[in-house]
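Please walk me through this structure in plain terms. I would like to follow its inner spaces and the packing of its side chains.

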Amino acid sequence: MSEDASDNQQNSGSNPSSTSQQDSSVFEKMQQHVRTNKVDVAMWATRLLTVLFTVSYVIPIISNQQSSFNKVLLSNAATSALRLHQRLPSFTFTREFLARLFIEDSCHYLMFSLIFFNVQPTLLILVPIVLFAVLHSSSYSLKLLDIIGQNSWWGARFLISLVEFQAHNILKAAAFAEIFLFPLAVVFTFRGKAGLMTPIVYYHFLVMRYSSRRNPYTRNAFGDLRVKAEALAATSPAIVSRIILSAIAFVNRLAPQQQPEHSAAPE
């Protein structure tokens, strides 16, 4: 009995030491990861800030809605700028560089933040931003959890798995939000809640999203809306049908030529 007791004491005494060694090992791995992936970690942090500021906008307890709205746009701009730095590390003021710049999804959303920074705060404006932030921060959080340990934070892993399972629907919802923001921008302009250039600049943003090589969801959302509008026109009175078909034809004239899709994942 005394030998068993001494063994138990030895085992119990060794546990804190082994736990401390494991914590030290995890901390060193995290440090190494941060050192070798500074930009990725910074984007993960700014995306988390985007989500937190959006929650603060919806539930204005700590700060007012205008402040939280601006912080969401600023954190999104920071994320987009970091991503642009990854994609195009060296800036050159040439036509070729600018052409490459404006086809990047991160450039589109850097413009998005600039377009709506002085517009009256509205939740729909934040929807595509926060959806992208949730999707990408979740996927990177999984990498960090893998560094910490296989079975660590199972609750967070479960939430991340839910987000990844709904990735298609999240990207689709972001695309529809981008589209519905255009008529909202027009209405805001007429009501004095946005500048005269807001819908014009946003139209060019929407054209770039439609032509995106990495993210076909906006283009697919336009296709889905067209199918539904044509189905509605087929079952509507003649005058309503003509209006709907005229609107479809007008939108088709505004649409750019379709670009070949890229195999990379949406940003």
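The largest cavity holds about 180 Å³ of space. A cavity here is a set of points, on a 1 Å grid over the protein atoms alone, where a 1.4 Å probe fits but cannot get out; points are joined across faces, edges and corners, and a volume is the space filled by probe spheres set on them. The cavity is lined by 14 residues, and Arg 47, Asn 76, Thr 79, Ser 80 and Phe 132 are the closest to its centre; a lining residue has an atom within 4 Å of a point. With a threshold of 30 Å³ or more, the count is one cavity.

The model is predicted, so local features need pLDDT of at least 70 and side-chain atom pairs count only at pLDDT 80 or more, while totals for chains, interfaces and linings use all residues. Residues are numbered from 1 along each chain as its sequence is written, and side-chain values use heavy atoms, with hydrogens and water left out.

Four helices each give at least two residues to the lining of the largest cavity: α2 (38-58), α3 (65-87), α5 (105-116) and α6 (123-148). Helices (H or I, at least four residues) and strands (E, at least two) are DSSP runs numbered from the N terminus. The lining of this cavity is made up of five nonpolar, five polar and four charged residues. Nonpolar covers Ala, Val, Leu, Ile, Met, Phe, Trp, Tyr, Cys and Pro, charged covers Asp, Glu, Lys and Arg, and the others, Gly among them, are polar.

Rings of Phe, Tyr and Trp (its six-membered ring) pair if their centres lie within 6.5 Å; planes under 30 degrees apart are stacked, over 60 edge-to-face and the rest tilted. Tyr 109 and Phe 132 form an edge-to-face pair, because their ring centres are 5.4 Å apart and their planes stand at 70 degrees. Tyr 109 belongs to helix α5 and Phe 132 to helix α6, so this pair ties together parts 23 residues apart in sequence. Tyr 109 is buried at 5% relative accessibility, and Phe 132 is buried at 8%. Buried means under 20% relative accessible area, exposed over 50%, and partly exposed in between (1.4 Å probe, protein chains only).

Which residues have the most contacts inside the largest nonpolar core? They are Phe 112, Phe 116, Ile 125 and Tyr 202, in a core of 29 residues. Such a core is a set of buried Ala, Val, Leu, Ile, Met, Phe, Trp, Tyr and Cys residues joined through side-chain atoms within 4.5 Å. Two or more residues of this core come from each of α3, α5, α6, α8 (167-190), α9 (198-210) and α10 (217-234). Helix α8 gives the largest share, eight residues.

The last space is open. The largest pocket holds about 640 Å³; a pocket is an open set of points with protein on both sides within 12 Å along at least five of seven lines. Of its 24 lining residues, Ile 179, Phe 222, Leu 225, Val 251 and Asn 252 lie nearest its centre. The elements giving two or more residues to this lining are α8, α9, α10 and α11 (238-254). By residue type, the lining of the largest pocket has 20 nonpolar, two polar and two charged.
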